[in-house]
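Please read them alongside the structure shown here.

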Amino acid sequence: MGKIVTKMAKTYVNKGVEIELPAAYDELEEASLQAIEETIAPYPKTQRMFALLVADPEVRANWDMADYIAVTKLNFNDHGEVHAKVTAASAVKMLSLLVEAGIAPDVVTSGAGDLDDAFLVVLTGALLHDIGNQVHRIHHAHWGVYLALPILGRMLPQIYPEVEKQVELRGFILHAIHCHGFDPPPLTIEAALVAVADGTDMTKGRGRLAFDLGNINIHTVSALSIDKVFIARGTERPIAITIQMSNSAGVFQVQETLAEKVLGGPLRDYISVVATTLPEDVPTDARIVHSISL
């Protein structure tokens, strides 16, 4: 019996749960990592937290399991590591634009910390916001709070020696995780940034996987209609989100995924959203679905 068990143990080596993602995801991840590193360069505490999170085996396992349930069991698009990094890149980019415009985040105005602490809260909330999907998509934000607690319990003391500061910043992070789906709506600028950034990750590169798995509906068709999403400094408002669509079906993605998160939260006065169908001089859209049999 002992030899059989030993042989089986050698045969079934646990290599970890991995989901095969399209090649485009590698480009998304690389661009996101570069954007994050450039944005948080002035903030040493945020840099330290970023290094801890991306290298941590518990965090990586949470990403893998969230993706496993979302992709292989529910036929959703990516909700794992790549999505987390894309969301984080967008979130810290938008925070930097707010700071440039003289708008202070809640971590600063409440007295909980400085700008470095605010960037750490936004980055951490974005990277961990979807890990609750491993329990189930239903109430995933609720489960994400529980799963994030031990991670934050290990990492925050490595950056903040004061227990009071650890707990207060943890509260901001947990609020961002719990409210990223707008159920309930976020109440802080940091949480709203995570929610809106989550909504901006809707390009066809990310939507391709669910569509190829056979999940053909208005959500996936709409996602495949989004070519690019740009976040830049606005003219009338600090943040301008520009969305380029190849098919007007992308309007559904913009309205359902992004508009509510912009209009219904603390960032409604700070963000403008413009969606256009390209090329503008062509009278017809690019066809995505040729026929559907029900």
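1. The side chain of Thr72 reaches back to the backbone oxygen of Tyr68, at 2.4 Å, a polar contact in the sense of a pair of N or O atoms within 3.5 Å, where within protein one must be able to donate a hydrogen and the other to accept it, and where residues adjacent in sequence count only if both atoms are side-chain atoms. This is a predicted model, in which local features need pLDDT of at least 70 and side-chain atom pairs count only at pLDDT 80 or more, while totals for chains, interfaces and linings use all residues. Residues are numbered from 1 along each chain as its sequence is written, and side-chain values use heavy atoms, with hydrogens and water left out.

2. Thr72 belongs to helix H4 (residues 57-73), helices being DSSP runs of H or I with at least four residues, and strands runs of E with at least two, numbered from the N terminus. With a relative accessible area of 37%, Thr72 is partly exposed, because that class lies between buried (under 20%) and exposed (over 50%), using a 1.4 Å probe and protein chains only. Leaving aside residues up to four places away in sequence, Thr72 touches Ile19 and Asp67, contact meaning heavy atoms within 4.5 Å. Ile19 is 53 residues from Thr72 in sequence, yet their C-alpha atoms are 8.1 Å apart in space.

3. Is Thr39, another threonine to inspect, buried or exposed? Thr39 counts as buried because its relative accessibility is 16%. Thr39 lies in helix H2 (residues 24-39) and, again not counting residues up to four places away in sequence, touches Val92, Lys93, Ser96 and Phe119.

4. Helix H3 (residues 44-55) has 12 residues and should span 16 Å at 1.5 Å a residue, which agrees with the 17 Å between its end C-alpha atoms; the expected span is 1.5 Å times one less than the number of residues. Its buried residues are Thr46, Met49, Phe50, Leu52, Leu53 and Val54, and what covers them includes H2, H4, helix H5 (81-100), helix H7 (115-128) and H8.

5. For the chain as a whole, there are 13 helices and 3 strands, and buried residues make up 48% of the 294 residues. Among the contacts with a separation of 6 or more, 70% are between residues 24 or more positions apart.
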